[in-house]
Amino acid sequence: MTKLQSQEHEPFETVDRAPEAQAEGFATVRQAHESEMAEDYVELIAELIESRGEARPVEIAERFGVKPPTVTKNISRLKAAGLVRREPYRAIFLTDAGRELAEACRRRHRIVVAFLLSLGIDEETAERDAEGIEHHVSTTTLEAFEHALLQSQSGK
């Protein structure tokens, strides 16, 4: 590793990586960004269905802080991907694939939040930070978080 200086003269370390490995890392991040919208939407739709019995576009827009046309556009994408179904002027429902994705997202979210809480992060910050981390954490890292949580709970 070599020490480099940023323009603000803050030291940071770099790791020599092959260009292919670096490109693969950036590709993974781009792919995670592309799936974030779908994951956030199915997770929220599942939450609304659980708490209110249905998920209406106006409620989705309110929760995301976006305009209803944005929700309509994204729901169309989710429908094309086979994650939701909707009848005109009706609520939105998850398909089996949508429910599976929502459950996987919830599980990832719960593990990340629990891990951050175990580090002493306050609940509000842990929830907010988990919203970003959960989309980018690898299976390997998620398993390590879960293992660390189990170790700390068992007192080892």
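## A network of salt bridges

Arg52, Glu54, Arg56 and Glu59 are joined to one another in a network of salt bridges, a salt bridge being a side-chain nitrogen of Lys or Arg within 4 Å of a carboxyl oxygen of Asp or Glu. The model is a predicted one, in which local features need pLDDT of at least 70 and side-chain atom pairs count only at pLDDT 80 or more, while totals for chains, interfaces and linings use all residues. Residues are numbered from 1 along each chain as its sequence is written, and side-chain values use heavy atoms, with hydrogens and water left out.

Glutamate 59 is buried, at a relative accessible area of 12%, whereas arginine 56 is partly exposed at 37%; buried here means under 20% relative accessible area, exposed over 50%, and partly exposed in between, for a 1.4 Å probe and protein chains only. Arginine 56 also lies 7.5 Å from arginine 90, C-alpha to C-alpha, although the two are 34 residues apart in sequence. Arginine 90 is found in the loop between strand S3 (84–86) and strand S4 (92–94), and its relative accessible area of 45% makes it partly exposed.

## A pair within helix H4

In the whole structure, a search finds ten salt bridges. One of the pairs is aspartate 96 with arginine 99, whose closest N and O atoms are 2.2 Å apart. These two residues are three apart in helix H4 (residues 96–118), and therefore about one helical turn separates aspartate 96 from arginine 99. Aspartate 96 is exposed at 52% relative accessible area, while arginine 99, at 44%, is partly exposed.

Glutamate 43 belongs to helix H1 (residues 19–52). Apart from neighbours within four places in sequence, glutamate 43 is in contact with Ala102, Cys105, Arg106, His109 and Glu134, where contact means heavy atoms within 4.5 Å.

The second largest pocket holds about 190 Å³ of space, and its lining consists of Asp40, Glu43, Leu44, Glu47, Arg63, Phe64, His109 and Glu131. A pocket is an open set of points on a 1 Å grid over the protein atoms alone, where a 1.4 Å probe fits and protein lies on both sides within 12 Å along at least five of seven lines, and lining residues have an atom within 4 Å of a point. H1 and helix H2 (57–64) each supply at least two residues of this lining, and H1 gives the largest share, four residues. By type, the lining divides into two nonpolar, one polar and five charged residues.

## The chain as a whole

The chain has six helices and four strands, the helices (H or I, at least four residues) and strands (E, at least two) being DSSP runs numbered from the N terminus. From the N terminus on, the order of the elements is β-β-α-α-α-β-β-α-α-α. Of the 156 residues in the chain, 30% are buried. Among contacts with a separation of 6 or more, 49% are between residues 24 or more positions apart.

Conventions:
Points joined across faces, edges and corners; volume = space filled by probe spheres on them. Nonpolar A, V, L, I, M, F, W, Y, C, P; charged D, E, K, R; others polar.
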